[in-house]
Each structure stands twice: as C-alpha cells, then as structure tokens.
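Please look over the sequence and the model below. The report then walks through the chain, from the whole to single residues.

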Amino acid sequence: MSDTAETNVAAETQEPQTPQLSMQRVFLKDISFESPRSPMIFQEEWKPEVGLELNTKSRQVGESVYEIVLEITVTVKNSGETGYLVQVQQGGLFVVSGLDEQQLHHALGAFCPATLFPYARENIDAIVVKGSFPALMLAPINFDALYLESLQKQQAETTQ
C-alpha cells in the first residue's frame, strides 16, 4: 500500500473533532455614563423607570476564535425625565470549534452573551453607584429565549 493510500485511510477513520467552547478573555470595550440633570435630580423623590436595550455582535478574529460584544443601554427616568443613561460594550474572546453551523450560531448568539452578561451587569452597577445613584442590579436575562425569538423573526421575514 502506498503512503498516500495509508494517509487517506487514516483520515477516514479519524473521529469527528470534539466540540470545544471556552472563554479566553473578558474585556470592557466601551462604557459611558451620563446624568444630564445632576445635581438637581438628587433633590427629587427617586422613583426610577428602567428601560433596557440589548444587542450582541460577533465576528471571527482568528482560527476558531470569535469576539463577542454584548451591548447594553440602560436608560433610567425619574418623573418622565432622564435621570441617567449607561452604555456598556462588554467583550469576550471565545475559542469555538467542532460545532456544526447551527450549534455555532447558537453558541455565538446565546451561550457567549449569557457568559458575558454578569460582567456587564457588574460594570453597570459599579458606574451607577459612582454616579451617586442607588445600585442597579439588572435581572438575569434568558439569552436562549431571545436567540430563539430572533430566529423565529428571521424565518418569518424570509417567508414573506
């Protein structure tokens, strides 16, 4: 048997690559805090109305390495006027390999953002407290449900 034939046989008998998903680094990509009505807002009764916007971005930055950025904007109003606004871009580098396309999209769209969320939540809370406002501990978010909702919306748009 020739060397080429032996190599082909060996390649065919190899098992599929074992799935791997690991976080390599967490980083704060951007953060901003605005309190347009300071210091007058501290003289008012505090009855906050919290608004939350959430977005994720992903891009491949190396072989099996992906950057995921979780973008969160929190707008807190008091008596209908903006008390403060916080914007955070929490980033992470993840090594992802051995997944089929559907599993990869799910990992990048749900699992990785869910992993980054506690870091973003902590950064938001810390900057709000430094702005002299009461702590803001965001409730957990079900990223799997958001991912499935996004998929259903995309499928509905393509069938129209």
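## The chain as a whole

Take the contacts that join residues at least 6 apart in sequence: in the protein chain, 69% of them join residues at least 24 apart. Contact here means heavy atoms within 4.5 Å.

This is a predicted model, in which local features need a pLDDT of at least 70, side-chain atom pairs count only at pLDDT 80 or more, and totals for chains, interfaces and linings use all residues. Residues are numbered from 1 along each chain as its sequence is written, and side-chain values use heavy atoms, with hydrogens and water left out.

The protein chain has three helices and four strands. Read from the N terminus, their order is α-β-β-β-β-α-α. The radius of gyration is 22 Å, well over the 15 Å that the globule rule gives for 160 residues, so the chain is more spread out than a compact globule. Two terms need explaining. Helices (H or I, at least four residues) and strands (E, at least two) are DSSP runs, numbered from the N terminus. The radius of gyration is taken over C-alpha atoms, and the globule rule is 2.2 Å times the number of residues to the power 0.38.

Along the principal axes, the C-alpha atoms fill a box of roughly 85 × 40 × 20 Å.

## Surface and charge

How much of the protein chain is buried? Buried residues make up 29% of the 160 residues. A residue is buried under 20% relative accessible area, exposed over 50%, and partly exposed in between (1.4 Å probe, protein chains only).

The accessible surface of the protein chain comes to about 10400 Å². Carbon and sulfur atoms hold 49% of that surface. The areas come from the Shrake-Rupley method with a 1.4 Å probe; for residues, only the protein chains shown count as cover.

The protein chain carries 10 positive and 21 negative side chains. The centres of the two sets lie 13 Å apart. Lys and Arg count as positive, Asp and Glu as negative; His and the chain ends are not counted. Each charge is placed at NZ of Lys, CZ of Arg, CG of Asp or CD of Glu.

## Confidence

The protein chain averages a pLDDT of 90, and 90% of the residues score at least 70. Over residues 7-11 the pLDDT is below 50. Beyond near neighbours in sequence, this stretch has one contact in the model. The pLDDT is the predictor's confidence in each residue, from 0 to 100. Where it is low, the predicted coordinates should not be read in detail.

## Loops and backbone

Start with the loop between strand S1 (20-34) and strand S2 (48-62), where Pro 39 sits. A cis peptide bond joins Ser 38 and Pro 39, with omega at about 0 degrees.

Pro 36 is also placed in the loop between S1 and S2. Pro 36 is exposed, at 55% relative accessible area. Leaving aside neighbours within four places in sequence, Pro 36 is in contact with Thr 82 and Gly 83.

Next come two serines. Ser 64 lies in the loop between S2 and strand S3 (65-78). Its phi is positive, about 65 degrees, although Ser 64 is not a glycine. Ser 64 is partly exposed, with a relative accessible area of 23%. Ser 79 lies in the loop between S3 and strand S4 (81-97). Phi of Ser 79 is near 55 degrees, again a positive value in a residue other than glycine. At 61% relative accessibility, Ser 79 counts as exposed.

## Pairs across the chain

The table lists C-alpha separations.

| Pair | Apart in sequence | C-alpha separation |
|---|---|---|
| Pro 36 and Gly 83 | 47 residues | 6.9 Å |
| Leu 28 and Ala 120 | 92 residues | 8.1 Å |
| Gln 17 and Leu 136 | 119 residues | 43 Å |

Leu 28 lies in strand S1 and is partly exposed, at 41% relative accessible area. Leaving aside neighbours within four places, Leu 28 is in contact with Val 88, Gln 89, Gln 90 and Asn 123.

Gln 17 belongs to the loop between helix H1 (3-13) and S1. At 52% relative accessibility, Gln 17 counts as exposed. Not counting residues up to four places away in sequence, Gln 17 touches Ser 97 and Gly 98.

Is Ser 97 buried or exposed? Ser 97 lies in strand S4 and counts as buried, at 8% relative accessibility. Leaving aside neighbours within four places in sequence, Ser 97 is in contact with Gln 17, Thr 18, Pro 19, Gln 20 and Ser 64.
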